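Work through the two exercises below with the model open, and read each solution only after trying the task.

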Amino acid sequence: MNLVILGASGSIGKQTIEVVKKEKKWDLVGISVGNNVKYALNLLKEFPSIKYLSILNKNDLNYFNNLNREIKIFTGSEGILELINTSGAEIYVNALAGFSGVLPSIKIIEKEKKLCLANKETIVCLGELYSEILGKHKKAIVVPIDSEHAGLKKCIGKFKDSEISEYIITASGGPFFDLNKDDFKKIELKDALNHPNWKMGNKITIDSSCMINKAFEIIEAHYLFNIPINKIKVLVDRKSYVHALVKLKDGTYRVNYGPKIPTMTRPISFALNYKKDRNFYTDVKKYSDLERFSFKILDKNKFPLIKYGEFVLNKKGNSGVVFNAISEECVNSFIQGKIKYVDIEQIVDKIMNSFDFEYDLSINKIIDSDKKARLRAQKLISNERR
Ligand SMILES: NC(=O)c1ccc[n+]([C@@H]2O[C@H](COP(=O)([O-])OP(=O)(O)OC[C@H]3O[C@@H](n4cnc5c(N)ncnc54)[C@H](OP(=O)(O)O)[C@@H]3O)[C@@H](O)[C@H]2O)c1
């Protein structure tokens, strides 16, 4: 089966390549990278099957001048959409970071292909529009590449919502779980990038440290599996050994766990291999209680940004795309040294509490809302620096 990887040069993209090489089941026909054209060139050499490439910057085209075979190369963010339109693959992995992944996901769903979705921002930004678009394209299949959601899918199996009382995703707690809140003002970039269990891209690593990522995952869980908001819970597993659990109404739990050293190659392989009519109860065990586990409770006063998961689900409309845009602007500004770590929380709060949310959704409205929220965030960030 033909496969395209969007964001092939990122953390998930590279791990997808590992799975493709190991399992030898898919023909890699297309890739997109952002600025890492050197990596793209290496992949073209390694995979003669690649016929389509998308890169971000037109000026990098000359990098591919001396290829000894015909490759169709697209450029810019439009280029990714053209790559999807032209490549005709059966499976697409969307491992793009942030809002750049949203329109490509829509295009893949509209083409009724299988979308292996790492880009959780797609669901966060689209909200109800995600369900609407998916509802119109019944043959499209979306399988999450998030360890928690792949785990939830396995735990849910064939149980109906009426049989389940709680859907639980785990959080590692990140690098600051045991840090005193007063000391958060001393946090530097290197501390926030030092995730205890996972090696990921910079954006998601910072998001994880302040629980923006967990807020995203609460939203993702709701729209992926149609879970009632009040049944979604979060527990902390410091070792990221357990990814997800469901509590059944008979009081028993189905628990999904991973290997001792957490790896994303498992959920990636799960997504690539997933078929609607196959049973995927692997890596799930039944327990009558949770005594053998050492779960911890997340302190929401220490990590208040997690509340925006529920906030966005209740508020609906464009609140998800606004939340994502502010988060992206804040986290990127923190990475660039423009604001302090503690400013992230303050700026997100300030804008989310005063934004004039809109409720009639369309793709254009999502794009406009993203721009509007970014401008608000940028303005506040530049004031913060004065
Ligand atoms: N990493 C994980 O373990 C993990 C786990 C679960 C979910 N996810 C989700 O997976 C997605 C990717 O995460 P990641 O950690 O793999 O990120 P990453 O390492 O930063 O990689 C992002 C990829 O997207 C490309 N890209 C970034 N901005 C772009 C733009 N504007 N236009 C075109 N391409 C662009 C990058 O290209 P260049 O590098 O070439 O510029 C790179 O290939 C995120 O949504 C994240 O939340 C990640």
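A residue is near a molecule if its C-beta atom, placed from the backbone, lies within 6 Å of it. This is a predicted model, in which local features need pLDDT of at least 70 and side-chain atom pairs count only at pLDDT 80 or more, while totals for chains, interfaces and linings use all residues. Residues are numbered from 1 along each chain as its sequence is written.

**Exercise 1.** Determine how many residues surround the ligand and which elements give two or more residues to that shell.

*Solution.* The ligand is surrounded by 28 residues, of which Gly10, Gly34, Asn36, Met200 and Gly201 are the closest. Two or more residues of the shell come from each of helix H1 (11-23) and helix H9 (202-209), helices being DSSP runs of H or I, at least four residues, numbered from the N terminus. H1 gives the most, with three residues. Domain 1 (2-144) and domain 2 (148-287) each supply at least three residues to the shell, the bounds coming from an automatic or database domain assignment.

**Exercise 2.** Describe how the axes of helix H13 and helix H14 cross.

*Solution.* The axes of H13 (residues 319-335) and H14 (residues 341-354) come within 10 Å and cross at roughly 155°, where axes are lines fitted to C-alpha atoms over the stretch in contact and angles run from 0 to 180 degrees between N-to-C directions. H13 is therefore roughly antiparallel to H14, a label for angles over 145 degrees. In H13, residues including Phe323 and Ile326 meet residues of H14, among them Tyr341 and Ile344, contact requiring C-beta atoms, placed from the backbone, within 7 Å.

Conventions:
Parallel < 35°, antiparallel > 145°, perpendicular 65-115°, else oblique. Contact = placed C-beta atoms within 7 Å.
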